[in-house]
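Subject: Structure handover

Hello,

Here is the structure you asked for. My notes follow below it.

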Amino acid sequence: SRIEECLEFIELKRLHRSSVKATGGGAYKYAQLFKERLGIVLEREDEMSCMVAGCNFLLKAVSREAFEYSEHGELTFKDIEPSSMFPYLLVNIGSGVSMVRVDNEMSFSRVSGTNIGGGTFWGLGRLLTGCSSFDEILQLSSHGDNSKVDMLVGDIYGGRDYTSIGLSADTIASSFGKVLHEEKSLEDYNKADIAMSLCRMISYNIVQLAYLNAKRYGLRRIFFGGFFIRGHPYTMEIISYAIKFWSQGEMSALFLRHEGFLGAMGAFMQVKSVLQSAVSPAPDVRAAKAAASKVRARFVEKFDDAIQLPESSQLEDDGADDRLKHPAWIDKLQSATAAAAAAKSEHDLALARKKSAIDLQVGVLHFSPTSEPFPLLSQRSGYRYVANTIDVNADADEMAYWVGILQDQLPTVMEKAASSEGNTKEATERASVFGQSLDACLSRYRSHQSSAVDRVELSNLFEVREELLREAGFQDVYRMDKQRENAAALEALEDLLADLDRLDPPARVLFLI
C-alpha cells in the first residue's frame with residue numbers, strides 16, 4: 001500500500017478539506033487514518049456506481065479516450081458516439097474481477113466476475129519470482145518465454161498444428177503443464193518465463209469469461225480497465241489477442257486512457273449531484289446564484305501523454321505522422337525543465353527532494369477543440385460581459401470555501417516570495433509580515449466582518465493578496481517559476497513550430513486551440 005505517500009502528498013500540498021469523496025475498499029479501510037492524521041472525513045460512495053459513472057463521463061467528454069492495442073504496439077483511437085455508446089461490458093480487473101453490463105446512464109448490473117484477477121497474479125508472482133512490487137512482476141513478464149513452462153499444442157502433437165479444430169502449434173494447451181514432465185525445482189526456471197506464463201494464464205481466463213458474457217447479453221463492445229492493466233503494453237497485447245482469438249476476429253478489446261481513474265472520477269461527479277439535490281429554492285436571485293455556484297470543480301487533465309495530436313489524414317506529408325507520434329519538442333521541453341530544476345537554489349532543491357513534484361506538466365487537455373467563437377465574448381446588443389460571476393459575500397459557506405483555499409496556499413506563497421529574492425533574512429521577514437497581514441484580512445472576510453461591502457468577487461480576494469505582496473516589497477513572487485518555464489518553452493519552440501508548419505491550415509488552428 002502507498003497510503004503513507006498519499007497522506008504525505010496531501011500534507012505537503014496542503015490539500016486538507018473537512019471532507020473528501022472516496023470510493024472502494026480503501027474508503028473504509030483508511031477512514032480512521034485520514035480522520036486522525038489529517039482531520040479529513042471520507043464520504044464513501046458506492047464503488048460500482050462510481051466506476052460506471054466515471055467510465056460514462058470519460059467516454060462522452062474526452063476525445064480519443066478509448067483505443068485498441070495491436071500486437072505491434074500501435075494504438076488505434078476510437079471515438080465513441082454518445083448516441084450509440086450503450087450497451088457495453090465493462091471489465092474491471094482489480095484484485096478480483098467484476099464484469100458490469102452498462103445499459104444506459106442510469107442502469108447497470110454486475111453480470112459476472114471471478115476471484116482470479118490482479119491479486120492472484122501479484123500473489124502467485126511474488127511467491128514464484130520473489131518480486132516485491134506489482135510493476136516489477138509486470139515488467140518481468142514482458143521479457144519471458146512462456147513456452148519454457150507452458151505445455152503447447154505443438155508439444156502434444158509433435159510440433160504440428162491441430163488443424164481440424166483450428167489450434168496452432170503455439171497455442172497454450174496447459175499453463176505450467178510442461179513443468180510436470182521435467183525434473184527441475186523452482187530455482188531452475190527463469191523468473192521472467194514464470195511471470196509471462198502467469199500473466200497469460202490469468203489474462204486468457206478473464207478474457208474468455210468477458211467474451212462469453214458479451215455473447216450472452218449481445219454486447220458488441222468490451223472495455224477493460226483496472227489496476228491489473230495500468231497501461232502495461234504486454235498485458236494489453238495479451239488481452240487484445242485473446243479477444244480476437246475467442247471471437248474469431250469479430251471483436252476487439254477496448255482500453256481507456258484513464259482507466260485507473262474511473263472510480264475517482266465517478267466519486268468526484270457525486271459532488272455535483274449531491275450539491276444540486278441539496279439546493280433548495282432560494283428567497284432571491286442573488287442567493288440562488290450563490291447556491292448554484294457551490295459546484296466549483298471542473299475536469300482538467302494534466303498528463304505528459306495527453307497532448308492532442310491531429311489524425312494522420314490532416315498532415316500534408318506522409319512522414320509527419322511518425323514524427324508527430326512523439327514530437328521532438330516534447331523531449332526538449334522535458335529535458336529543459338529537468339535541467340532548469342537542477343539549477344535551483346539549495347532551498348528549492350531541499351523542497352524538491354521532499355515532494356518529488358513535476359515542475360512543468362506537458363499538455364493540458366480540456367475537451368475536444370473547436371473553432372466556435374467564445375459565446376460569452378460575442379458582441380450582442382445590450383449584453384455586458386462580466387468576468388466575475390460568483391459573489392462570495394452572498395453565502396457564508398461560499399466565502400469560507402474560497403478563503404480556506406487562499407489560507408491553505410499561504411505558506412507556499414510565502415516560500416515563493418522569499419525564494420524570489422534569494423531567501424535572504426530580510427526577504428524571509430517581509431514574507432512573514434505579508435503572511436500575517438493576509439491571514440488576518442482573510443479571517444475578517446471569513447467572519448463577515450467585511451459585511452459592509454455589498455459584493456465580494458473572487459478577483460477581489462486575489463487583488464487583496466497581490467496588494468499586500470506589493471506593500472511587503474514583492475513585485476513578482478512567481479518570477480523564478482516563469483523564468484524556468486520560459487527557458488524550457490524556448491528550448492522546445494523551434495521543433496514545435498516545425499510540427500505546426502507540417503499541418504494543413506484547419507488542423508493547425510485546432511491544434512493551437
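Two strands pair if DSSP finds at least two bridges between them. Helices (H or I, at least four residues) and strands (E, at least two) are DSSP runs, numbered from the N terminus.

Some ground rules. This is a predicted model: local features need pLDDT of at least 70, side-chain atom pairs count only at pLDDT 80 or more, and totals for chains, interfaces and linings use all residues. Residues are numbered from 1 along each chain as its sequence is written, and side-chain values use heavy atoms, with hydrogens and water left out.

An open sheet is formed by 7 strands, with mixed pairing and the order 4-3-11-10-5-6-7. Its edges are strand 4 and strand 7 (108-114); each has a single partner strand, so one side of each is left without a neighbour in the sheet. From one strand to the next, the twist averages 30°. Angles here run from 0 to 180 degrees between N-to-C directions; axes are lines fitted to C-alpha atoms, for helices over the stretch in contact.

Strand 5 and strand 10 run parallel, joined by 4 bridges. N92 has G225 in strand 10 as its bridge partner. Helix 9 packs on the sheet and touches strand 3, strand 5, strand 10 and strand 11 (253-256). The direction of helix 9 makes about 150° with that of strand 11. Contact means heavy atoms within 4.5 Å.

Strand 3 (residues 66-69) and strand 4 (residues 75-78) pair in the antiparallel sense, over 4 bridges. E68 stands opposite T76 in strand 4. The hairpin of these strands has 5 residues between them, and G73 there takes a positive phi near 85°.

Helix packing

The axes of helix 15 (residues 396-420) and helix 16 (residues 425-446) come within 9 Å and cross at roughly 175°. Helix 15 and helix 16 are therefore roughly antiparallel. The cut-offs: under 35 degrees is roughly parallel, over 145 roughly antiparallel, 65 to 115 roughly perpendicular, and the rest oblique. Residues in this contact include M399, L406 and L410 of helix 15, and F434, L438 and L442 of helix 16. The contact of helix 15 with helix 16 divides into 15 nonpolar, 6 polar and 2 charged residues. Ala, Val, Leu, Ile, Met, Phe, Trp, Tyr, Cys and Pro count as nonpolar; Asp, Glu, Lys and Arg as charged; the others, Gly among them, as polar.

Helix 6 (residues 134-141) and helix 8 (residues 191-217) have axes that come within 7 Å and cross at roughly 100°. That makes helix 6 roughly perpendicular to helix 8. I137, L140 and S141 of helix 6 meet K191, A192, A195, M196 and C199 of helix 8. By class, this contact has 6 nonpolar, 1 polar and 1 charged residues.

Backbone points to check

A cis peptide bond joins F86 and P87, with omega about -10°. P87 is in the loop between strand 4 and strand 5 (88-93).

Two residues other than glycine have positive phi: F176 near 65° and R230 near 50°. F176 lies in the loop between strand 9 (172-174) and helix 8. R230 lies in the loop between strand 10 (222-225) and helix 9 (233-246). F176 is partly exposed, at 21% relative accessible area. R230 is partly exposed too, at 36%. Buried means under 20% relative accessible area, exposed over 50%, partly exposed in between (1.4 Å probe, protein chains only).

Cysteines

The structure holds 0 disulfides, a disulfide being a pair of cysteine sulfur atoms within 2.5 Å. C6 is partly exposed at 33% relative accessibility, while C441 is buried at 12%.

Best wishes
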